Structure formats: C-alpha cells, structure tokens
Amino acid sequence: MNATVVVILVLSLGTYAFRLVGPALHGRVEIPARVQELALAGAVVLLVALLATGALTENGGFAGWARPAGVLVGGVLAWRKAPFVVVVVGAAAVTAALRAVGIG
C-alpha cells in the first residue's frame with residue numbers, strides 16, 4: 001500500500017472519529033464557559049489570520065493594493081448584510097477596477 005494512501009486513510013478515520021465523538025459525548029461532558037470563550041476567540045483569530053495571509057500575500061511577498069481593497073469592500077458588504085452575490089461581485093469589481101487603472 002502506498003504511503004499516501006495510508007496517510008489519507010488515517011486522516012479520514014481521524015476525521016470520522018472527531019465527528020463521532022460529538023454526538024457520543026453530547027450531554028455527558030460539560031465544557032466550562034471560559035474554555036468555550038477561549039475556543040471562540042481562537043477560531044476568530046485563526047479566521048482573521050487566514051484572511052490576512054490570503055488578502056495580503058502572494059508568492060511570499062506583498063500582493064499589491066487591489067486585493068486588500070477588494071477584500072475590505074467584500075468585508076464591509078458582508079458586515080452590512082448584503083446578499084452573498086453582491087459581496088462577491090462587489091469585491092471582484094473593486095479589485096478588477098483597481099488593477100485596470102494600474103493599482104496592482
């Protein structure tokens with residue numbers, strides 16, 4: 001058996017085990033409120049870090065100003081509860097317009 005296949009199988013079994021643990025332990029384990037708060041804060045920090053690295057970097061360097069501006073516009077539209085299509089098209093339009101005028 002190929003090593004890649006073994007790794008995929010192990011990861012898939014681990015994922016299935018994590019999905020199974022939730023319903024199996026529901027109601028049996030009480031997670032303290034402080035741990036829940038820290039988990040929520042950690043999730044937010046990870047999402048912001050992912051957003052920042054995706055919006056600001058490309059090939060190990062700065063991606064230019066068009067992409068962060070598009071992400072900012074998309075974020076503002078999402079925050080204002082615009083429909084998903086409007087968010088995506090607005091962000092893409094701003095990015096495309098800035099690139100078209102030479103602000104890369």
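**Exposed loops and a buried helix contact**

At 80% relative accessibility, asparagine 59 counts as exposed, being over the 50% cut-off. In this predicted model, asparagine 59 sits in the loop that joins strand S1 (57-58) to strand S2 (61-62). Its backbone also deserves a look: asparagine 59 has a positive phi of about 55° although it is not a glycine.

Lysine 81 belongs to the loop between helix H3 (66-79) and helix H4 (84-100). With a relative accessibility of 72%, lysine 81 counts as exposed. The phi of lysine 81 is positive too, near 65°, and this residue is likewise not a glycine.

Four helices and two strands make up its secondary structure elements, and from the N terminus on they follow the order α-α-β-β-α-α. The radius of gyration is 20 Å, well over the 13 Å that the globule rule gives for 104 residues, so the chain is more spread out than a compact globule. Along the principal axes, the C-alpha atoms fill a box of roughly 55 × 45 × 25 Å.

Of the 104 residues of the chain, 11% count as buried. The accessible surface comes to about 8400 Å², and carbon and sulfur atoms contribute 74% of that area. Among contacts in the chain with a separation of 6 or more, 41% are between residues 24 or more positions apart.

Part of the surface can be picked out by name. Met1, Val5, Val6, Leu9 and Val10 form a nonpolar patch there, and together these residues have about 480 Å² of accessible area. One of them, leucine 9, lies in helix H1, which covers residues 3-25. Leucine 9 counts as partly exposed because its relative accessibility is 42%, and that class lies between the 20% and 50% cut-offs.

Glycine 70 lies in helix H3, and at 1% relative accessibility it counts as buried, being under the 20% cut-off. Which residues does glycine 70 contact, once its neighbours within four places in sequence are left aside? They are Ala91, Val94 and Thr95.

Threonine 95, one of the contact partners of glycine 70, is found in helix H4. Threonine 95 is buried as well, with a relative accessible area of 14%. Leaving aside neighbours within four places in sequence, threonine 95 is in contact with Ala66, Arg67 and Gly70. The side chain of threonine 95 also reaches the backbone oxygen of alanine 91, at 2.9 Å.

Methods: Residues are numbered from 1 along each chain as its sequence is written. This is a predicted model: local features need pLDDT of at least 70, side-chain atom pairs count only at pLDDT 80 or more; totals for chains, interfaces and linings use all residues. Side-chain values use heavy atoms; hydrogens and water are left out. The radius of gyration is taken over C-alpha atoms; the globule rule is 2.2 Å times the number of residues to the power 0.38. Buried means under 20% relative accessible area, exposed over 50%, partly exposed in between (1.4 Å probe, protein chains only). Contact means heavy atoms within 4.5 Å. Accessible areas come from the Shrake-Rupley method with a 1.4 Å probe; for residues, only the protein chains shown count as cover. Patches are made of residues with over 30% relative accessible area and no salt bridge: like charges are joined within 9 Å, nonpolar side chains (Val, Leu, Ile, Met, Phe, Trp, Tyr) within 5 Å. A salt bridge is a side-chain nitrogen of Lys or Arg within 4 Å of a carboxyl oxygen of Asp or Glu. A polar contact is a pair of N or O atoms within 3.5 Å; within protein, one must be able to donate a hydrogen and the other to accept it, and residues adjacent in sequence count only if both atoms are side-chain atoms.
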